[in-house]
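Subject: Structure handover

Hello,

The structure we spoke about is placed below. My notes on what was found in it follow.

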Amino acid sequence: MIKLTINGTEYELDVADDMPLLWAIRDHAKLTGTKFGCGVGLCSACTVHLDGQPVQSCSTPVSLAAGKQITTIEGIGETAEGKAIQEAWKTLEVVQCGYCQPGQIMSAAALLKHTPKPGDTDIDKAMGNNICRCNTYHRIRAGIHAAAEKKSA
């Protein structure tokens with residue numbers, strides 16, 4: 001049995017310690033906003049925050065998340081950065097197919113938390129591991145700039 005705190009709610013899950021965090025979140029906590037992409041931590045579709053830091057949940061054992069605050073796409077709108085990102089995404093219609101967007105938003109929110117006014121180089125570095133098959137990178141970058149402006153206004 002492992003205890004996880006996901007979006008402020010405590011869960012006791014009967015899972016193996018080496019289960020990927022992604023499956024504990026999706027299959028056991030029933031929070032399905034976090035997506036499965038590559039399964040080896042390369043595409044970042046599965047990004048969640050552990051104590052505010054973005055991690056790829058498909059390659060993070062659930063045992064490493066015990067005792068930490070886990071934030072998923074379902075909870076990111078409760079943060080100032082997440083709310084600003086989600087509003088910018090809607091305003092600028094960043095999403096195309098949308099599959100990668102939970103991971104994109106989680107990475108962008110972490111960027112804004114640590115770099116409130118990111119430049120293009122900061123954005124490229126922070127978002128470089130998030131793959132979008134629809135190639136919406138220019139809209140993602142514009143969304144991050146818009147969210148940074150809105151958050152600082």
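A residue is called buried under 20% relative accessible area, exposed over 50% and partly exposed in between, with a 1.4 Å probe and protein chains only. By that rule S44, at 2% relative accessibility, counts as buried.

The model is predicted, so local features need pLDDT of at least 70 and side-chain atom pairs count only at pLDDT 80 or more, while totals for chains, interfaces and linings use all residues. Numbering starts from 1 along each chain as its sequence is written, and side-chain values use heavy atoms, with hydrogens and water left out.

Loop between α1 and β3

Helices (H or I, at least four residues) and strands (E, at least two) are DSSP runs, numbered from the N terminus. S44 lies in the loop between α1 and β3. S44 is not a glycine, yet its phi is positive, about 70°. Most residues other than glycine have a negative phi. K30 is in the loop between α1 and β3 and follows α1. K30 also has a positive phi, near 65°, and is a residue other than glycine. With 61% relative accessibility, K30 counts as exposed.

The buried residues L21, L22, A24 and I25 belong to α1. Their cover includes β1 (2-6), β2 (9-13), β3 and β5, where contact means heavy atoms within 4.5 Å.

Rings of Phe, Tyr and Trp (its six-membered ring) pair if their centres lie within 6.5 Å; planes under 30 degrees apart count as stacked, over 60 as edge-to-face and the rest as tilted. One aromatic pair is counted by this rule. The ring centres of W23 and F36 are 5.3 Å apart and the planes stand at 35°, so this pair is tilted. W23 sits in helix α1 (residues 21-28) and F36 in the loop between α1 and β3 (47-50), so the pair links parts of the chain 13 residues apart. W23 has a relative accessible area of 27% and is partly exposed. F36 is partly exposed as well, at 35% relative accessibility.

Helix packing

Two packed helices are described by the angle between their axes and the distance between the axes. Axes are lines fitted to C-alpha atoms, for helices over the stretch in contact, and angles run from 0 to 180 degrees between N-to-C directions. Angles under 35 degrees count as roughly parallel, over 145 as roughly antiparallel, 65 to 115 as roughly perpendicular and the rest as oblique. A crossing is left-handed if the near helix is turned anticlockwise from the far one by less than a right angle, and right-handed if clockwise. For residue classes, Ala, Val, Leu, Ile, Met, Phe, Trp, Tyr, Cys and Pro count as nonpolar, Asp, Glu, Lys and Arg as charged, and the others, Gly among them, as polar.

- α3 with α5: the axes of helix α3 (residues 101-114) and helix α5 (residues 137-152) come within 11 Å and cross at roughly 40°. The two helices are therefore oblique to each other, and their crossing is right-handed. Q101, Q104, A108, L111 and L112 of α3 make the contact with I140, I144, A147, A148 and K151 of α5. The contact has seven nonpolar, two polar and one charged residues.

- α2 with α5: the axes are 8 Å apart, at an angle of about 125°. α2 and α5 are therefore oblique, with a right-handed crossing. From α2, the residues A80, E81, A84, I85, E87, A88 and W89 meet I140, G143, I144, A146, A147, K150 and K151 in α5. These divide into nine nonpolar, one polar and four charged.

- α3 with α4: α3 and helix α4 (residues 120-127) have axes 10 Å apart and pack at about 130°. This pair is therefore oblique too, and α3 passes α4 in a right-handed crossing. The contact involves Q104, S107, A108 and L111 of α3 and D122, I123, A126 and M127 of α4. By class there are five nonpolar, two polar and one charged residues.

G77

G77 is placed in the loop between β5 (69-71) and α2 (80-91). G77 has a relative accessible area of 22% and is partly exposed. Neighbours within four places in sequence aside, G77 is in contact with G82, K83 and Q86. The C-alpha atoms of G77 and I105 are separated by 9.8 Å, and the two residues are 28 apart along the chain.

Regards
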